[in-house]
Structures are given as C-alpha cells and as structure tokens.
Amino acid sequence: MGSSRLPGFYKMKMAERLRRLAEQLELSRDELEGLGESATLPLPNADAMIENAVGSLACPWASGSTFLINGEDVLVPMAVEERR
C-alpha cells in the first residue's frame, strides 16, 4: 500500500468506499464480504451514524464490576472482543 490518503472518501457512497478499500488493500472478494452487515445493525444505519462507514461489527456487551471511581462503586458497560 502506497499511501493511506483517500481524498473524498467521506463523500463516497458505501459501495464506492468498499471498492476503494478493496483496491487499496488488495482484498479478495471473500475478504471484502467479511466487512458486511451484522445481524444487529443494518449498513444504512451504520452509514448514517459514522463518517467513512464500510461495514458493521457486532460485539458482545458485558458489565465490568468492582470499579471504584471517585470513591463510588460502579458497574461499567463494555462492548469489546476478548479471546479466552
């Protein structure tokens, strides 16, 4: 990959962004399809929520416990991927 600059990327429709990424990163069709829609967030919604959207990713929600913040015990919501 030469440069990570993609002028006007944010102005493109999602299909064009995906095409440009595939071109820039030399992605196969299978790799490109892996950027697709999750079961919980349709691509048009993702595109409306964040600039430069190219797909969505479902993450499990969890609750972190035993956090003491400013002298107060709190539960902290998390949406992360963790390997066991």
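The model is predicted, so local features need pLDDT of at least 70 and side-chain atom pairs count only at pLDDT 80 or more, while totals for chains, interfaces and linings use all residues. Residues are numbered from 1 along each chain as its sequence is written, and side-chain values use heavy atoms, with hydrogens and water left out. Three salt bridges turn up in a search of the whole structure. The largest pocket has a volume of about 230 Å³.

**Salt bridges**

- A salt bridge is a side-chain nitrogen of Lys or Arg within 4 Å of a carboxyl oxygen of Asp or Glu.
- Helices (H or I, at least four residues) and strands (E, at least two) are DSSP runs, numbered from the N terminus.
- Arginine 19 pairs with glutamate 16 at 2.6 Å, N to O. The two are three residues apart in helix α1, so about one helical turn separates them.
- Arginine 19 is partly exposed at 39% relative accessibility, and glutamate 16 is partly exposed at 27%. Buried means under 20% relative accessible area, exposed over 50%, and partly exposed in between (1.4 Å probe, protein chains only).
- Glutamate 23 also bridges to arginine 19, at 2.6 Å, N to O. These two are four residues apart in helix α1, again about one helical turn.
- Through shared partners, salt bridges join Glu16, Arg19 and Glu23 into one network.
- Arginine 17 and aspartate 47 form a salt bridge at 2.9 Å, N to O. Arginine 17 sits in helix α1 and aspartate 47 in helix α3, so the pair ties together parts that are 30 residues apart in sequence.
- Arginine 17 is buried, with a relative accessible area of 4%; aspartate 47 is partly exposed, at 29%.

**A buried arginine without a salt bridge**

- Arginine 20 lies in helix α1 (residues 14-25).
- Arginine 20 is buried but has no salt bridge. Its nearest side chain of opposite charge is glutamate 23, 4.1 Å away. Here Lys and Arg count as positive and Asp and Glu as negative; His and the chain ends are not counted.
- Neighbours within four places in sequence aside, arginine 20 is in contact (heavy atoms within 4.5 Å) with Leu6, Pro7, Phe9 and Met12.

**The largest pocket**

- A pocket is an open set of points on a 1 Å grid over the protein atoms alone where a 1.4 Å probe fits, with protein on both sides within 12 Å along at least five of seven lines; lining residues have an atom within 4 Å of a point.
- Grid points are joined across faces, edges and corners, and a volume is the space filled by probe spheres set on the points.
- The lining includes Gly34, Leu41, Met49, Ile50, Gly55 and Ser56.
- Lining residues divide into seven nonpolar, five polar and no charged. Ala, Val, Leu, Ile, Met, Phe, Trp, Tyr, Cys and Pro count as nonpolar, Asp, Glu, Lys and Arg as charged, and the others, Gly among them, as polar.
- Glycine 34 lies in the loop between α2 (29-33) and α3 (43-49), and is exposed at 65% relative accessibility.
- Glycine 34 and glycine 55 are 21 residues apart in sequence and 8.7 Å apart, C-alpha to C-alpha.

**Positive phi outside glycine**

- Glutamate 26 has a phi near 55°. This residue is in the loop between α1 and α2, and is exposed at 72% relative accessibility.
- Asparagine 70 has a phi near 50°. Its loop runs between β1 (61-69) and β2 (72-79), and asparagine 70 is exposed at 80%.
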